[in-house]
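Work through the exercises below with the model open. Each one gives a task, then a stepwise solution.

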Amino acid sequence: MEPLICHSLVYWCSTGAGGWSPLDSDHYQWLQVDLGTRRQVSAIATQGRYSSSDWTTKYRLLYSDTGRNWKPYHQDGNIWAFSGNSNSESSVRHELQHGIVARFLRLVPLDWSEEGRIGLRIEVYGCFYWADVINFDGQGVISYRFKMKIIKDVIALRFKTSESDGVILHGEGQQGDYITLELDKAKLLNQYGSILGHTSVTTGSLLDDNHWHSVVIERYRRNVNFTLDRHTQHFRTNGEFDHLDLDYELSFGGMPYSGKPGGGGKKNFKGCMESINYNGDNITDLARRKKLDTSTFRNLSFSCVETHTFPVFFNATSFLQLPGRANHNTLSVGFHFRTWNPYGLLLFSNLDDGTLEVSLKDGKIAVHINVTNAARNYRADLTSGSGLNDGQWHAIRLVAKENFAMLTIDGDEASAVRYFLQTLFPPSQQSFQGCMQAILVDDQPADLHAVEKGTVGAFENVSLDMCAIIDRCMPNHCEHGGRCMQTWDGFSCTCDGTGYTGATCHTSIYEPSCEAYKHLGRSSDTYWIDPDGSGPLGPFKVNCNMTEDKVWTTVINNLPPKTAITGSSRERRTILQVNYSASMAQVTAITTSAEYCEQHIAYSCRMSRLLNTPDGTPYTWWVGRGNEKHFYWGGSGPGIQKCACGIDRNCTDAKYDCNCDADAKQWREDSGLLIYKEHLPVSQVAVGDTNRPGSEARLTVGPLSCQGDDNYWNAASFTTPSSYLHFATFQGETSADIAFYFKTSAPYGVFLENLGNTDFIRLELKSPHVVSFSFDVGNGPVELTVQSTTPLNDDLWHRVTAERNVKESVLLVDQVYRASRPAPAQGHTRLELFSQLYVGSSEPPFLSFLGCIRALRMNGVTLDLEERAKVTPGVKPGCQGHCTSFGMYCQNGGKCVEKYNGYLCDCTATAYDGPFCTRDVGGFFEAGALVRYSFLPEAVAGASRDSRMLTHEQKAREVNLTKEEVAFSFSTSSAPAILLYVSSKTRDYLAVVLRPNGSLQVRYNLGGLREPFTINVDERNLANGQTHTIKMSRVDRKTGHVDPLLIESYNTPGFIGCLSRVEFNGITDSSSPAAHLGKLVESNCGASPLTIPPMSAATDPWHLDNTGGSEL
């Protein structure tokens, strides 16, 4: 290795083994190393000065090819600060996360020994580096011709430039195919195109920094990997093509001068390229050996011609002071700047009779000239430009003299302003953070070399000859289409409209399945679901049908029912594409986790054969999700080339296995369910026999319906103190989310743990009320805890969600208790693990969890706990006891019934129906309709017959004639009417009626009274079409004799309207045998809100004293 060369602004460099120590220990010192030629540097080690109290505890590393235009070493998205030494003798070595190529290195001490001063010995590790270099002058283009069309391309090169625009690579063909790699506003744009489609992908930014950047493009057919400086984007080109027709030619450095269309006036690349390779050919070497056409170059150079910019880097506490001209009546200043901040003071100067201020306000340039003299005081203000905080270089030029000022932005005369607005604004107080270069004062370039030597001007906390601006949105940590917004110090993500939330738009706001929505108490409806949570699949809409014991998920398609097909043959089949309301990957996520799936398919035919042919090849087939052809039809199965009638042996012609294969002139149909879920959904149907005279067919492909969600109920029970499951290492480097449910009666236990060298991640129950989420990504252990107000070891299901990303970490328990912590502004961001993932325990010594864990999902992937538990001692698949957590959802007296993979609500003993016993059981009665329930023993019921109705008897039960509990809801617009009539074998009765004026009345005889007892319940007209609810009870009185005249008069024409929620003495209309007369239609009568105001207590008959002491 070449000898080290020591430098500092005011320096002293020791000789021998002593090491380097500057005369002054401050933040302006640096040690520079000249490696002689460009080298590949992979590691660096430091020590303090020999046998002293001098060492460096923290430092930065800068590197350069030329000793100018320095670049700071970046790691984890930040300018990296290396930890140094704690004494003078021990050595601290750092392996660079990514190697650098440079000739010059600078170490800048940030902190040093409190006992002494800066002291340093260094050792650099690496290897030789060599590459062919070509300098592109913005005119010359290298043309490369290849021999054949290929479906695979690999293009690799390195470039550096100070220009923000320029074509690096281009190829095009006569048929319109093209490929372009170009710089556009200092970003790299990769474009592919053909007559079948166009694709454009952008990556990187700030690429005009005159430092080397590496590009690799790998294309196989339509799949492309696009890598810039180790960050890779994967994309698929639009259109259907395997190779690009490029006339066998590629151009490096710009557009060819061939007269072909498409150039569009784009600039050629100006800068340097090295190591240019196309499919293994070294383009740079071929150009050096004159094997390629380089005739467009005026002076082809194989060395990099360096530019001579001198950037200045400002942070929040820095300034640069430059001398101007005194006693001069004209001010002229110009400079280039780049920043991410919308506000900042760019320039301030004292004038002979006032002040000048140039600042950035809301992304616009604002100039304020304040003049104070004996005659008058005034302020002149100029504003121009917009969006100038976009990280691009922008040129500012200001010329001002008495009664005249002109401000020009980026050389655009349209932005020049030549007038004064005499207003008053407060001066800017916010410092500028960013870079400046090409500074002109009174039309003369500022001598920044003299400033650096301290002979001219002054500066503080400024980095000279370096622009250390960072694009914190590249790579973009905002996931799932979140929009990245940045300032100088950080970034934030806007997640609006993405379906995701969190600091990096990582966490889905939707449940993974219809099953999950059901167990949140939701009813049948259309919902957004996200089966893989934070994974790459986006959310999509499905129809959820919550039945009593099953949950169905339905995805519709765009094929109209009975789509007509004509003109198809075996040689020229008609292909019908079946597109769904979700992508194939999204639909596959549903079918993969479902317990069962089905899809109805029907082929209506007239002289159109379906499957069987003489040579065995079917006329028609369908294509499933794996893009494979299937030769069976609905009602049959894989490997069986039959239709449903062939399986059931009931085809119209017994010689064939499909109705349509008989080739009849009458319309026939073959239909049935496809139920092999690994083949579903149907994506295409190829029809091949509708081209003969009189031949036609109609195809119907129904929606895909899947039942259940195995992922939601995938559970394991940990039964012994040493039980655990292990899985492959968790890959969650920059973003990790973990979600699961648990139930336990134990006071503590580790849910899961994964370790690295020093990194780790762990979730545990630390006490009956506390859940902990801890991890270390290299900055020291971090722990988040949440404390529940109720015990978490209550043997009920509890939900845990944890997330860690480059912005923050979050822990959430039961969607209520939350803790969060921001990530450090500077530090490691990558979680590096290597051990197995332990579930249900920590690594030895084991801190086991006793209980159940289910639906464990990590970064969108559900771990199959049940399958692993089947082969693991001490762990059982599944978990019972769901009703303890979910039984609350069974309403109105519904009974929770335990299932292996969930629960269901038994609504048999209620007046309700539906998955949660919340849907009213009711009916609409037309004139003359009635429903009869028989609660009597069989012998008694048989003694009274009615020829007008069919009765269903039930088993004998004890009849209580001393108590009635009645409840029902009704709505009607007709009166009079009988709402409810209860009778017994002794002709005793109870009747609830609407009188002719619509008022409600209850009639019966309380034994011993001469007249039936009558209670006018409500004098309002209740026959108003609204829903009303009745609840009534009677205790310890015998009923009297029936009043047949009243019943007959009120029962003509009978009740017309809705009745629902009917209960009598604990017996419901859904649990008792019934017979009906007349037309009765199912209806939800109780769904309408009550619009009649409730009666006052003063007129409520149930609270009157004249009720004869009856308890009603």
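## Exercise 1: Strand β1 and its partners

Strands β1 and β8 (residues 121-128) run antiparallel and are joined by 8 bridges. Two strands pair if DSSP finds at least two bridges between them. Strands (E, at least two residues) and helices (H or I, at least four) are DSSP runs, numbered from the N terminus.

This is a predicted model: local features need pLDDT of at least 70, side-chain atom pairs count only at pLDDT 80 or more, and totals for chains, interfaces and linings use all residues. Residues are numbered from 1 along each chain as its sequence is written, and side-chain values use heavy atoms, with hydrogens and water left out.

**Solution.** 
1. Move to strand β7 (residues 92-112), which pairs with β1 in the antiparallel sense over 11 bridges.
2. Now check burial, where buried means under 20% relative accessible area, exposed over 50%, and partly exposed in between (1.4 Å probe, protein chains only).

## Exercise 2: A four-stranded sheet

**Task.** Give the strand order of the open sheet of 4 strands that contains β44, and state which strands stand at the edges.

**Solution.** 
1. The order is β44-β49-β46-β47, with antiparallel pairing.
2. β44 (574-577) and β47 (629-630) each have a single partner strand, so they stand at the edges with one side left without a neighbour in the sheet.
3. Take β44 and β49: they pair in the antiparallel sense over 4 bridges.
4. Within that pairing, I575 is bridged to A686 in β49.

## Exercise 3: The nonpolar cores

**Task.** Which residues of the largest nonpolar core touch the most other members, and which element gives the most to this core?

**Solution.** 
1. The largest core has 41 residues, of which Y603, W633, L699 and V701 touch the most other members.
2. Elements giving two or more residues to this core include α4 (584-593), β45 (596-606) and β50 (696-707).
3. β50 gives the most, with 5 residues.
4. Another core, of 40 residues, lies apart from it; among its members are A716, F718, I761 and V839.
5. As background, nonpolar side chains tend to be buried together in soluble globular proteins.

## Exercise 4: Disulfide handedness

**Task.** What is the handedness of the disulfides C272 to C304 and C890 to C905?

**Solution.** 
1. A disulfide is a pair of cysteine sulfur atoms within 2.5 Å. By this rule the count comes to 13.
2. C272 and C304 are joined with S to S 1.9 Å. The torsion about their S-S bond is about 95 degrees, so this link is right-handed.
3. C272 lies in strand β20 (residues 270-278), and C304 in the loop between α1 (283-288) and β22 (312-314), 32 residues apart.
4. C272 is buried at 2% relative accessibility, whereas C304 is partly exposed at 23%.
5. The sulfur atoms of C890 and C905 are 2.0 Å apart. Their S-S torsion is about -80 degrees, so this disulfide is left-handed.
6. Both C890 and C905 are buried.

Notes: A nonpolar core is a set of buried Ala, Val, Leu, Ile, Met, Phe, Trp, Tyr and Cys residues joined through side-chain atoms within 4.5 Å.
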